[in-house]
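Let's take a friendly walk through the packing of this protein chain. Have the structure open as you read.

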Amino acid sequence: MIHFHRFQLDNGLKVLVHEDHTVPMAVLNILYDVGAKDENPNQTGFAHLFEHLMFGGSINIPSYDEPLQRVGGENNAFTNNDITNYYIQLPSVNIETAFWLESDRMLSLAFSEKSLETQRSVVIEEFKQRYLNQPYGDVWLKLRPLAYTTHSYQWATIGKEVSHIENAKMDDVKAFFYKHYTPSNAIMVVAGDVNLDQVKALSEKWFGNIPSGNKYQRDIPQEPIQTEKRSLTTSANVPNDSIYKAFHIHNRSSKEYYIADIISDILSRGESSRLYQELVKTKKIFSEVNAYITGDIDPGLFILEGKPSKGISLEEADEALWSVVNEIKANKIEQRELQKIFNKLESSTVFGEMNLLNKAMNMAYFELLGDADMINTEMERYRSVSPEDISNYASEVFTPTNCSTLFYKSNKS
């Protein structure tokens, strides 16, 4: 059981405090309720660009890393389609340095043309290296717009195309910041060797006077139910052919999310999983094959992907994937196999909660979903899934009309 306290500043900043006095360390984690899904379709990649810009100097602190390094701290951040998350880890005796740094860049970035140009160049280079010039790097640039026709999940976090970042103007950047990076759009978790009164005092001191801003109200068009199968064939100078199948599933807060996650584990978690045993080890149709869910807050995707073995066509590989998922649809999973999945999930959950940073990030995320206490009841929701739930939901999800398939051919074949 993870215990915590919750309070809110007058400007709307939500603060959660988890006391853990086992080691003299602390974490300050700030989750901003903004991701790639909140971007203008003609100005994508901005949430990710801001992940970089937020380290380029704030209004009163020209260098973010230097004062943090002096007190033995480290920091990082990540962006996805739903959220942007920043964190600092440091000795708890120096926790006020984290409040000082994070509050200043929430107040305002420096917004220098030099910083914008530097970070824009970094992001453009990342786009080219990781997505355009790396084998299979453009898969999500092709698969997302194939699976999504309406919702803004149709583009990857990096953005639709390089030109959107190349053309980012200072006025556009400022507008995005003041719309999303506000106290009323943030959740702060302070965890570790701290106490509630101390965190309350530091929160008021450093964040209390920051203007709340207007709470951003989303109006994202929802994806209509897919009613026809979709496919796209592409080719590139990659080592092997590959196949990617995307099926629409329910949102992160639904019971169906947990069912889908368990199905992905049945199919692909470890060498005893069904895809590995049948298609890699026994039939040798694939050299590697995986199943996973995207885990998005809004309705996401269940992904099957794999690289066929030499001499196996993409069409044969596709049929083989269908044969395995159809087996789950047709025959109820045995309780013994399901229990094995529960045990693995519980083990990974327990090990994850031993890490202070993991706890802080998960608390912030669950608070965004509705209640940070969900961190304590997550396993209950997994364990509530029955064999009947699995076969029923598999029958609903794994249908040709709910599927978008990317056939990725190698020019070397």
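Beyond its neighbours within four places in sequence, Met188 is in contact (heavy atoms within 4.5 Å) with Leu13, Lys14, Val15, Leu16, Leu28, Asn29, Ile30, Phe99, Ser203 and Phe207. The model is predicted, with local features needing pLDDT of at least 70 and side-chain atom pairs counting only at pLDDT 80 or more, while totals for chains, interfaces and linings use all residues. Residues are numbered from 1 along each chain as its sequence is written, and side-chain values use heavy atoms, leaving out hydrogens and water.

Met188 also belongs to the largest nonpolar core, among the residues with the most contacts inside it. Such a core is a set of buried Ala, Val, Leu, Ile, Met, Phe, Trp, Tyr and Cys residues joined through side-chain atoms within 4.5 Å; buried means under 20% relative accessible area with a 1.4 Å probe, protein chains only.

| Core | Size | Residues include |
|---|---|---|
| Largest | 55 residues | Tyr32, Ile95, Phe99, Tyr181, Met188, Phe207 |
| Second, separate | 44 residues | Ile262, Leu267, Ile293, Met379 |

Now to a helix pair (helices are DSSP runs of H or I, at least four residues, numbered from the N terminus; strands are runs of E, at least two). The axes of helix 9 (residues 255-268) and helix 11 (residues 314-330), lines fitted to C-alpha atoms over the stretch in contact, with angles from 0 to 180 degrees between N-to-C directions, come within 12 Å and cross at roughly 125°. Ile263, Ile266 and Leu267 of helix 9 meet Val324, Val325 and Ile328 of helix 11.

Finally, helix 5 (residues 139-147) buries Val139, Leu141, Leu143, Arg144, Leu146 and Ala147. These buried residues pack against helix 4 (113-132) and strands including strand 7 (230-236) and strand 11 (403-410).

Methods. Buried means under 20% relative accessible area, exposed over 50%, partly exposed in between (1.4 Å probe, protein chains only).
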